[in-house]
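Colleague: Could you take me through the charged side chains and the surface of this model? I would like a close look at how the pieces sit together.

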Amino acid sequence: VTDTAVLDIAAVHSSVELAPWTSSSKYMSPLLVAYDARINQLKQQIADYQQSALQVKKESDLLIQRNIDLEEELETKLV
């Protein structure tokens, strides 16, 4: 990013007027609390999905090993 682009971006941001409620703690505080709660909820959901994925991996590894064992048993009986 060039210096000119940075200055252009800064100029745009300084000329944009924010809504009055964005600087009011009366309105922003509940929004931030709700935002943090949602982030925590999503973090927990991710942790749950990761745990489920690990369980699926364990089960699939067991199935793969069982399949290998059955193939070896079949080959042994056919010979």
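Modeller: Happy to! A contact here means heavy atoms within 4.5 Å. This is a predicted model, so local features need pLDDT of at least 70 and side-chain atom pairs count only at pLDDT 80 or more, while totals for chains, interfaces and linings use all residues. Residues are numbered from 1 along each chain as its sequence is written, and side-chain values use heavy atoms, with hydrogens and water left out.

Of its 79 residues, 0% count as buried, where buried means under 20% relative accessible area, exposed over 50% and partly exposed in between, with a 1.4 Å probe and protein chains only. The accessible surface comes to about 7500 Å², and 62% of that belongs to carbon and sulfur atoms; such areas come from the Shrake-Rupley method with a 1.4 Å probe, and for residues only the protein chains shown count as cover.

Now to the charges. Side chains of opposite charge can pair when their charged atoms come close. A salt bridge is a side-chain nitrogen of Lys or Arg within 4 Å of a carboxyl oxygen of Asp or Glu, and by this rule the count is 2. One joins aspartate 61 to lysine 57, with the closest N and O atoms 3.0 Å apart. These two are 4 residues apart in helix α2 (residues 25-78), so about one helical turn separates them. Aspartate 61 is partly exposed at 35%, and lysine 57 is partly exposed at 48%.

The other salt bridge links glutamate 73 and lysine 77, whose closest N and O atoms are 3.6 Å apart. Both lie in helix α2, 4 residues or about one turn apart. Glutamate 73 is partly exposed at 38%, whereas lysine 77 is exposed at 64%.

There is also a patch of negative charge on the surface, where Asp69, Glu71, Glu72 and Glu75 gather. Patches are made of residues with over 30% relative accessible area and no salt bridge; like charges are joined within 9 Å, and nonpolar side chains (Val, Leu, Ile, Met, Phe, Trp, Tyr) within 5 Å. Lys and Arg count as positive and Asp and Glu as negative, leaving out His and the chain ends, and a charge is placed at NZ of Lys, CZ of Arg, CG of Asp or CD of Glu. Glutamate 71 sits in helix α2 and is partly exposed, at 43% relative accessibility.

For the nonpolar side, Trp21, Tyr27 and Leu31 make a surface patch of about 330 Å². Leucine 31 belongs to helix α2 and is partly exposed at 46%. Methionine 28, also found in helix α2, is partly exposed at 21%. Not counting residues up to four places away in sequence, methionine 28 touches Trp21 and Thr22.
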